[in-house]
Amino acid sequence: MQDVNSPLQIRDYQFFWLARFLAVFSTLSMVVLIGYQTYDVARSDYGMDKAQAAFQLGLLGLVQFIPLFLLTPVAGYAADRFERRKVAVFANLLDSCSALALALFTWFDALNLPILFTIAAAHGAARIFTGPALSAIAPNIVPPRLLPKAIALSSIAWQAGTVIGPAVGGLLFGLSESLPYFVSFGLLLTSAALTLGIRPVHPPRDGKELKPLRQMAEGLTFTIRQRFLLGCITLDLFAVLLGGATALLPVYARDILHVGAEGLGIMRGAPALGAGLVALWLSFRPVERNVGVKMLWAVVVFGAATIGFGLSTEMWLSLTMLFVLGAADMVSVFIRSTLVQLHTPDAMRGRVSSVSGLAISASNELGEMRAGAFAAVMGSVGAVVIGGAGAIFITALWSWLFPELRRARTFDPQDSDDNKGRAT
C-alpha cells in the first residue's frame, strides 16, 4: 500500500464504497417513501388534518428511534467482537426483509399506519448494526495517511446515494408504488454480496476478556470521559435534533409547495447534492487547518439555511436552501467523522461508532418527533424556523462549553489533546 495515493486504488475499498452507496441508495429511498406514505395514508385513509398527519410523522421518527436506542450497545459490541463484514451483511439482509415487506403490502394495497410503524421500527433496527460495522471496517482497509480521503470518499458514496435514491425512488413510485421497494430489496442483497467480497476484517483483541455487558458499557464510558469526543458527538446530536427539517418535507411537498411524491424526492435529494459536491471537493482538498472553528461555523450556516427553507413558499428557493444546508452539514460531518475516527483506538472503534451512530440517529429520529410535535402546535413553518434558530443557539453554547472544539487546529490527536489539557 506504500505507493497508493487514493483509497479507490485499493480493491477492498472499491467494494466497500460501492456496497455503501447501494445500501444508502436503497435505505434512503425507503425512508423518504415511508414518510410520504405515512402522511398520505393519515390524510387520505384516516381523514386527519394537516397538524394531525404531521404528528404521525413525528411518531414515525419515534418508532424508528426506540430500537436504535435499545440496540446501540449490542451493535457496538458486535462490531468489536465479531467479524465486521458479517455484521454489516446481517444488517443488510434484515433491511432487505423490510424492503420486501413494504413492496408486498404496497402491491396488495394493504398498508395502514400500524404496518408502516412496525416496518419502520425494523428498518431502524437494521440501520444501527450497519453503521458501527461499516465505520469500523474503513480504517482497517486503508493506510492511516489516507483515512481523511477515505472518509471524504465514503461521504460521497453516502451523499450520492442520498441524492439519487430518493429522486429515483420518487420517479419509480410514480410508475408503480411498489416498484421502488422491490428495487431496494435487490440492491440491498447486492450490497451484502459486495461486503462479503472485502477481505475479512476481524476486530483487534486488546487483551481484556470482559463480560459482554461490560464491553458494551465501555464504549459509552470512553466517549463520556473524552471531552473532545463528547463535544463533537453531542454538537451534532443537539444541532440536528433541533434544526432537522426532513421529517416535514412530506408536508411541504403535499400541502405547501404542492409538488407531490416526485417533488419530495427532488427536495430530499437537494441537501445530499450540496453535501455530495462538498464531499467531492474535500476528497481532493480536505480541510487541514482550524478544523474546530470551521466545524462550528458550518453548523451555524446549517441553522440559517434551515430558517430560510422554513420561510420559503417557492420551490426554487426551497431547493436552494436545502442545497446550502446540505453543503454546510457535509463540512461539519467530514470534520467530526475524521476527528472521531482518529481520536479512537481501533479496539474501541465499533463501540464508539455505535455511540456516535446513536447520537446521529437520535438527532434524526427524535428530531422528526420534535418537528412533528412542534408542527402540531405551531404549524410546519414555525417548527422548521424555530428548529433552525435552535441549531445556531446550540453551536454558540457548545463553543463555550467545549472550548477544545474551537481550539482544535488540525486532525492530529496530539494537537487536540494539548488543546484539551489547556481547556478550562
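Select alanine 279 and show its surroundings: leaving aside neighbours within four places in sequence, alanine 279 is in contact (heavy atoms within 4.5 Å) with Ala152, Ser155, Ile156 and Met330. The model is predicted, so local features need pLDDT of at least 70 and side-chain atom pairs count only at pLDDT 80 or more, while totals for chains, interfaces and linings use all residues. Residues are numbered from 1 along each chain as its sequence is written, and side-chain values use heavy atoms, with hydrogens and water left out.

Stay on alanine 279. The residue sits in helix H10; helices (H or I, at least four residues) and strands (E, at least two) are DSSP runs, numbered from the N terminus. Is alanine 279 buried or exposed? Its relative accessible area is 0%, so alanine 279 is buried. Buried means under 20% relative accessible area, exposed over 50%, and partly exposed in between, with a 1.4 Å probe and protein chains only.

**The whole chain**

Zoom out and colour by secondary structure. The chain has 16 helices and zero strands. Of its 424 residues, 58% are buried. Among contacts with a separation of 6 or more, 85% join residues 24 or more positions apart.

**H1 against H10**

Select residues 11-44 (helix H1) and 260-284 (helix H10): their axes come within 11 Å and cross at roughly 135°. Axes are lines fitted to C-alpha atoms, for helices over the stretch in contact, and angles run from 0 to 180 degrees between N-to-C directions. H1 and H10 are therefore oblique to each other. Angles under 35 degrees count as roughly parallel, over 145 as roughly antiparallel, 65 to 115 as roughly perpendicular, and the rest as oblique. The crossing of H1 and H10 is right-handed; a crossing is left-handed if the near helix is turned anticlockwise from the far one by less than a right angle, and right-handed if clockwise. To see the contact, show Leu28, Val31, Val32 and Tyr36 on H1 with Gly260, Ala261, Leu264 and Arg268 on H10. Six of these residues are nonpolar, one is polar and one is charged. Here Ala, Val, Leu, Ile, Met, Phe, Trp, Tyr, Cys and Pro count as nonpolar, Asp, Glu, Lys and Arg as charged, and the others, Gly among them, as polar.

Next select residues 227-243 (helix H8) together with H14. These two pack at an angle of about 165°, with axes 7 Å apart. H8 is therefore roughly antiparallel to H14. Their crossing is right-handed. On the H8 side, the contact includes Arg227, Gly231, Thr234 and Phe238, and on the H14 side it includes Gly387, Gly388, Gly390 and Trp398. Its residues divide into eight nonpolar, seven polar and one charged.

H9 passes H14 in a left-handed crossing. Val251, Tyr252 and Ile256 of H9 meet Ser380, Val381 and Val384 of H14. Five of these residues are nonpolar, one is polar and none is charged.

**The core**

Which members of the 107-residue largest nonpolar core touch the most other members? They are Tyr13, Phe16, Ile141, Leu248, Met267, Phe309 and Phe334. Such a core is a set of buried Ala, Val, Leu, Ile, Met, Phe, Trp, Tyr and Cys residues joined through side-chain atoms within 4.5 Å. Helix H4 (residues 113-141) supplies the largest share, 13 residues. A second, separate core of six residues includes Ala19, Phe21, Ala157 and Leu194.

Centre on phenylalanine 309. Beyond four places in sequence, its contacts include Ala245, Leu249, Tyr252, Met267 and Ser318. Move on to serine 318, in helix H12 (residues 315-342). Serine 318 has 0% relative accessibility and counts as buried. Not counting residues up to four places away, serine 318 touches Leu257, Phe309 and Ser312.

**Two loop residues**

Finish in the loops. Most residues other than glycine have a negative phi. Select aspartate 109, between helix H3 (84-107) and H4: its phi is near 50°, a positive value. Aspartate 109 is exposed, at 71% relative accessible area. Histidine 258, in the loop between H9 and H10, has a positive phi near 55°. Its relative accessible area is 59%, so histidine 258 is exposed.
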